[in-house]
Every structure is written in C-alpha cells, then in structure tokens.
Amino acid sequence: GYLVRTAVEDNPQLEPLIARNHAWLMHIVQAPDFDAICEAQRDALDAFVDAVAVQGFNRSNPAVGRALDFLAAHFREPLTLAQVARAAGLSSYRLAHLVKACTGHTIMQHVKRLRLQYAQKLLDEGLLNGAAIALEAGFHDQSHLTRQFRAVLGTTPGRYRRRARGAAVGRSGR
C-alpha cells in the first residue's frame with residue numbers, strides 16, 4: 001500500500017494502481033496460510049513493479065501516457081510507430097522523441113520489454129510450448145523469442161523454464 005501511495009502522490013496519473021492495490025490486499029487478507037500470504041505478497045509486488053515499469057518514469061505528458069497505455073493493451077499484436085502515434089494523437093516523429101525523453105526508452109524497447117515479461121509469465125505457467133509462447137507474446141517465431149530472451153535476460157527460454165521449474169519443485173518440497 002505504501003508503494004502505491006508513493007507512486008500516486010508522485011504522479012496522479014498512476015491512480016489506477018489504487019484499485020489494483022485493493023485487489024492485492026484482498027488476496028493477502030484472504031490467504032489461508034503463511035506460504036499463501038508470502039506468495040500473494042510476492043505476486044502483488046511483482047505486479048506493482050511491472051505496472052510502474054509499463055507507465056515509465058515520467059507520465060507528465062498525457063500523449064506519452066496514451067501511447068504507453070496503447071502499448072500495454074496491444075503489445076502482442078504487430079505494431080507500427082504510426083499506429084501508436086495515432087493512438088497518442090501525435091506525429092510519429094514527435095511521439096518517438098517524447099517517449100524517449102520522458103521514459104528513457106524507445107517505443108520498441110517498451111514493446112520488447114512487455115513481450116518478454118509476458119513470455120516469462122507464460123513460461124512460468126508451463127502450459128504452452130516455446131513456439132506457442134513466441135506467437136502468443138507477439139514474437140515472429142520461436143527463434144526470434146530466443147534471440148531477444150537471450151539478449152535481454154542472458155539465458156534461453158528453455159533454460160529459464162527449467163530453472164523456474166526447479167525453483168518451484170524446491171519450494172514445494174520444503
């Protein structure tokens with residue numbers, strides 16, 4: 001709750017985090033045991049950090065906020081700068097400049113981060129194979145996912161999944 005309040009006080013455009021905060025607190029309060037409380041708290045913190053990262057470091061420009069919101073809603077689709085600029089109500093050039101100035105990242109860096117985070121989530125769930133995860137997360141194919149995953153996270157999706165499974169087995173075996 002403190003993190004959400006700080007984020008909102010720092011930037012009122014982050015107020016939707018308050019609604020999420022309530023949902024997170026309900027999960028924690030309703031947790032049946034200590035392990036479930038820890039897991040709910042970890043998930044809440046991860047979701048909070050992801051939400052703040054999606055919003056960038058500075059949302060004082062409403063057009064940048066609209067662009068980031070559009071990216072968060074459509075990152076799994078093939079995107080062009082022109083589409084994002086239309087959603088933000090700016091020219092492509094102006095939007096690209098503003099997003100970089102306000103967040104420190106390009107639009108495509110935001111898209112790549114969102115796609116990789118989603119791919120990680122799907123890998124953690126363990127329900128889909130690598131090719132299906134690549135397509136679901138918005139990558140061209142499994143090879144594209146693997147190259148991006150390795151470049152940013154320093155490992156392949158397969159190794160990431162095996163490590164995540166090993167950690168899950170270790171937690172459940174305690």
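The structure is a predicted model, in which local features need pLDDT of at least 70 and side-chain atom pairs count only at pLDDT 80 or more, while totals for chains, interfaces and linings use all residues. Residues are numbered from 1 along each chain as its sequence is written, and side-chain values use heavy atoms, with hydrogens and water left out.

The protein has ten helices and zero strands; helices (H or I, at least four residues) and strands (E, at least two) are DSSP runs, numbered from the N terminus. Along the sequence the pattern reads α-α-α-α-α-α-α-α-α-α. The accessible surface comes to about 10,600 Å², and 57% of this belongs to carbon and sulfur atoms; accessible areas come from the Shrake-Rupley method with a 1.4 Å probe, and for residues only the protein chains shown count as cover. Of the 174 residues in the protein, 34% are buried. Here, buried means under 20% relative accessible area, exposed means over 50%, and partly exposed lies in between (1.4 Å probe, protein chains only). Contact means heavy atoms within 4.5 Å. Among contacts between residues at least 6 apart in sequence, 49% join residues at least 24 apart.

Two packed helices are described by the angle between their axes and the distance between the axes. Axes are lines fitted to C-alpha atoms, for helices over the stretch in contact, and angles run from 0 to 180 degrees between N-to-C directions. Helices α5 and α6 pack at an angle of about 85°, with their axes 9 Å apart. This angle makes α5 roughly perpendicular to α6; angles under 35 degrees count as roughly parallel, over 145 as roughly antiparallel, 65 to 115 as roughly perpendicular and the rest as oblique. On the α5 side, Leu81, Ala82, Val84, Ala85 and Ala88 meet Ser92, Leu95 and Ala96 of α6. The residues of this contact comprise seven nonpolar, one polar and no charged. In this division, Ala, Val, Leu, Ile, Met, Phe, Trp, Tyr, Cys and Pro count as nonpolar, Asp, Glu, Lys and Arg as charged, and the others, Gly among them, as polar.

Helix α6 (residues 92–103) also packs with helix α7 (residues 107–125), at an angle of about 65° and with the axes 9 Å apart. Leu95, Ala96, Val99, Lys100 and Thr103 of α6 meet Ile107, Gln109 and His110 of α7. By class, this contact has four nonpolar, three polar and one charged residues.

Ala67 is found in helix α4 and is buried, with a relative accessible area of 1%. Not counting residues up to four places away in sequence, Ala67 touches Val84, Ala88, Leu95 and Val99. The C-alpha atoms of Ala67 and Gln83 are 9.5 Å apart in space, and the two residues are 16 residues apart in sequence. Gly89, in the loop between α5 and α6, is exposed, with a relative accessible area of 61%.

The structure holds two aromatic pairs. Rings of Phe, Tyr and Trp (its six-membered ring) pair if their centres lie within 6.5 Å; planes under 30 degrees apart count as stacked, over 60 as edge-to-face and the rest as tilted. The rings of Phe75 and Tyr118 have their centres 5.7 Å apart and their planes at 75°, so this pair is edge-to-face. Phe75 lies in the loop between α4 (62–74) and α5 (81–88) and Tyr118 in helix α7, so the pair ties together parts that are 43 residues apart in sequence. Phe75 is buried at a relative accessible area of 11%, and Tyr118 is buried at 17%. Phe149 and Tyr160 form an edge-to-face pair, with 5.5 Å centre to centre and 70° between the planes. Phe149 lies in helix α9 (residues 142–153) and Tyr160 in helix α10 (residues 157–172), so this pair ties together parts that are eleven residues apart in sequence. Both Phe149 and Tyr160 are buried.

Leu116, found in helix α7, counts as buried at 3% relative accessibility. Leaving aside neighbours within four places in sequence, Leu116 is in contact with Phe139, Leu145, Gln148, Phe149 and Val152. Leu127, in the loop between α7 and α8 (130–137), is exposed, with a relative accessible area of 72%. Leu127 touches Leu122 and Arg161, not counting residues up to four places away in sequence.
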